[in-house]
Amino acid sequence: MTIRVEYLVAKMFPYQRVIGFLKDWTLPVAIVVGIGSYLAFHYAGFSPEVHYAAELGIAVLQPILIFLMLFLAFCHVSVRDMKIKRWHWWLLLIQTVASSVFAIAALHLTGDWKIIVEAAFCCIICPTATASAIITSKLDGSIADCSTYVIISNLLASILIPLFVPLLNPVEGLTFMSMFLQLTAKFFPLLIGPLLLAWLIRYTMPRFNSWLLKQKEWAFYLWLIALPIAIIIATKALFHSNITLWTFIGVAVVSLGCCLVQFHIGHKIGVHYGDRVTTGQALGQKNTGFIIWVAYTFMAPVNAVAGGLYCIWHNNMNAWQLYKHKKAKAAHLK
């Protein structure tokens, strides 16, 4: 009788089948849910108060999800694992040189060409995504090396952005130090806080830490919630842009090119150092929410379009890599 009831429940609520479907089609589901949710909400005719409450809810929920995802990733990393590798320096050099070149080029341009070149600047200078450690783990890369690069990449961006953005978009009263403090105050608590908490639990509550390490799917479930939110933010940036069709196409092509080139270079460097997965994710997967916020806060809102499009491109790249990895594993088991 008990077996019969369990069978009927499994038929009525196919939990594992739904989870399996979401794992295989995470990105398409996230894109459809994110874009559909934003458009439905936008055209529903809600009052400005409801829109404000929704934006406030996303502003509160997203950092919480980022904090939790990073915390779960850092639980797998000990203090001794957090070492700067040689390939870290190469990636930092690429990020510095390439973003400097595009920033200098944008200073000498106007109109649509300036927007397109600034889009490339935003795609290059944007730091590594906080969720990169999760994808790196699923692709059997190094969580420790990726997590280390997430921190130093965000630190580099917090230095480079205040150097170049006031030159590209001069604003009275905006200095390097004021902008640096705003960037670090907004994002570094989300990086350092989870790391310190994970280490505190690791060394003071080993049993609890061991239990957390067994919950391997939690990070995936959090990512499943965070990804549609990222798509909603990206859709908003695209929907409210006032650029011409041709400029939009130019930004789309440039952001796609930046995405593919950064993943490619990251993989090439990784081959030399024996870890193409981690280096590829570290250079190619970007914290697009970071650059969208920077664009709205310190630059022109139109610059947020690059971040919105890059969000779509790098998640497509992640989906393709996860598909290939799963297929390769299945073939190996045969």
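**Close-ups of a predicted model**

View 1. About 50 Å³ of space lies in the largest cavity, a volume being the space filled by probe spheres set on the points, with grid points joined across faces, edges and corners. Its lining is Ile66, Thr130, Asn154, Phe187, Leu190, Leu191 and Asn287; lining residues have an atom within 4 Å of a point. Helix α9 provides the largest share, three residues. By class, four of the lining residues are nonpolar, three are polar and none is charged. (Nonpolar covers Ala, Val, Leu, Ile, Met, Phe, Trp, Tyr, Cys and Pro; charged covers Asp, Glu, Lys and Arg; the others, Gly among them, are polar.)

A note on the model: it is predicted, so local features need pLDDT of at least 70 and side-chain atom pairs count only at pLDDT 80 or more, while totals for chains, interfaces and linings use all residues. Residues are numbered from 1 along each chain as its sequence is written, and side-chain values use heavy atoms, with hydrogens and water left out.

**View 2. The largest pocket holds about 1100 Å³ of space.** Of its 43 lining residues, Ile58, Ala59, Gln62, Ile233 and Gly289 are the closest to the centre. A pocket, for the record, is an open set of points with protein on both sides within 12 Å along at least five of seven lines. Six helices, α3 (26–43), α4 (48–74), α9 (176–204), α11 (218–239), α14 (288–298) and α15 (304–333), each supply at least two lining residues. Helices are DSSP runs (H or I, at least four residues), numbered from the N terminus. α4 gives the most, with eleven residues. The lining splits into 25 nonpolar, 14 polar and four charged residues.

**View 3. Helix α8 (residues 143–168) bends on its way through the model.** From first C-alpha to last, its 26 residues reach 35 Å, close to the 38 Å expected at 1.5 Å a residue; that expected span is 1.5 Å times one less than the number of residues. The bend is about 30° at isoleucine 161, and proline 162 follows within four residues. Bend here is the angle between axes fitted to the seven residues ending at a residue and the seven starting there. Because 22 of the 26 residues are buried, α8 is largely enclosed by the rest of the structure. (Buried is under 20% relative accessible area, exposed over 50%, partly exposed in between, with a 1.4 Å probe and protein chains only.)

View 4. Cysteine 122 is in no disulfide, its nearest cysteine sulfur being that of cysteine 123, 6.8 Å away. The sulfur of cysteine 123 is 4.7 Å from its closest partner, in cysteine 258, too far for a bond; a disulfide is a pair of cysteine sulfur atoms within 2.5 Å.

**View 5. Two loop residues, aspartate 140 and lysine 286.** Aspartate 140, in the loop between α7 (132–138) and α8, has a positive phi of about 65° although it is not a glycine. Most residues other than glycine have a negative phi. At 49% relative accessibility, aspartate 140 is partly exposed. Lysine 286, in the loop between α13 (276–284) and α14, is buried, at 3%.

Conventions. 1 Å grid on protein atoms, 1.4 Å probe; cavity = no way out; pocket = protein on both sides within 12 Å on 5 of 7 lines; lining within 4 Å.
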